[in-house]
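Hi,

Here's the structure I promised to pass along. Have a look at it first, then read on for my notes.

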Amino acid sequence: MLNDTIVTIIFAVFAGIAATITMDVLEIVSHKIGVTVGVKGQWVGRWYLGIARGKLVHENIEDVPEQPGELQAAMIGHYTIGTVLAVIYVIGAEWLSISPGHFLVAIIFGLATCVFPWFLVFPALGFGVFGTKGPRELKMFRTSVINHLFYGFGLWWSFLVLPF
């Protein structure tokens, strides 16, 4: 039983990394063709570094002075969150007796993760719920939906290529 749980968690970690890489690669493609723009990585890294200093909510993250290591913090946070969410996804799917490798289940979960940017990240950056107060040119709402759809696709894809 314990060994099965450990194997499941290890698999979920790899699935989370694969899903996050998929999200990033597809985001780069969608950005290049003008479908998405999104929040600048350094702003998210600046926010993470602010949290480490006790500041969760900002009036406007653009006005916060640049911090060393912002992009590194953004990447570490992004991949940590993607991995933790995949572990929750895999364990939750098993608990509900749903196949985590089912395309629709993975896509729905990926889209459900939009709640984090919409109700936590965007408001904490000073851009309001759904990013409605953020710079319009960033297409924050649309970009978050598309990127999290890519994450769900990456979860599904990881079940095709990883042995589980």
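This is a predicted model: local features need pLDDT of at least 70, side-chain atom pairs count only at pLDDT 80 or more; totals for chains, interfaces and linings use all residues.

Helix 2 covers residues 41–52. With twelve residues at 1.5 Å each, helix 2 should span 16 Å, and the 17 Å between its end C-alpha atoms agrees with that. Just after helix 2 comes glycine 54, with a positive phi of about 95 degrees.

Now the rings. The count comes to twelve aromatic pairs. One of them is tryptophan 118 with phenylalanine 141, a stacked pair at 4.9 Å centre to centre and 15 degrees between the planes; planes under 30 degrees apart count as stacked. Tryptophan 118 sits in helix 5 and phenylalanine 141 in helix 6 (residues 140–161), so this pair ties together parts that are 23 residues apart in sequence.

Are the two partners buried or exposed? Tryptophan 118 has a relative accessible area of 15%, so it is buried, because the cut-off for that is under 20%. Phenylalanine 141, at 39% relative accessibility, counts as partly exposed.

There's also a ring cluster to check: Phe11, Tyr89, Phe109 and Phe159 are linked by ring pairs.

Cheers

How values were computed
Residues are numbered from 1 along each chain as its sequence is written. Side-chain values use heavy atoms; hydrogens and water are left out. Helices (H or I, at least four residues) and strands (E, at least two) are DSSP runs, numbered from the N terminus. The expected span of a helix is 1.5 Å times one less than its number of residues. Rings of Phe, Tyr and Trp (its six-membered ring) pair if their centres lie within 6.5 Å; planes under 30 degrees apart count as stacked, over 60 as edge-to-face and the rest as tilted. Buried means under 20% relative accessible area, exposed over 50%, partly exposed in between (1.4 Å probe, protein chains only).
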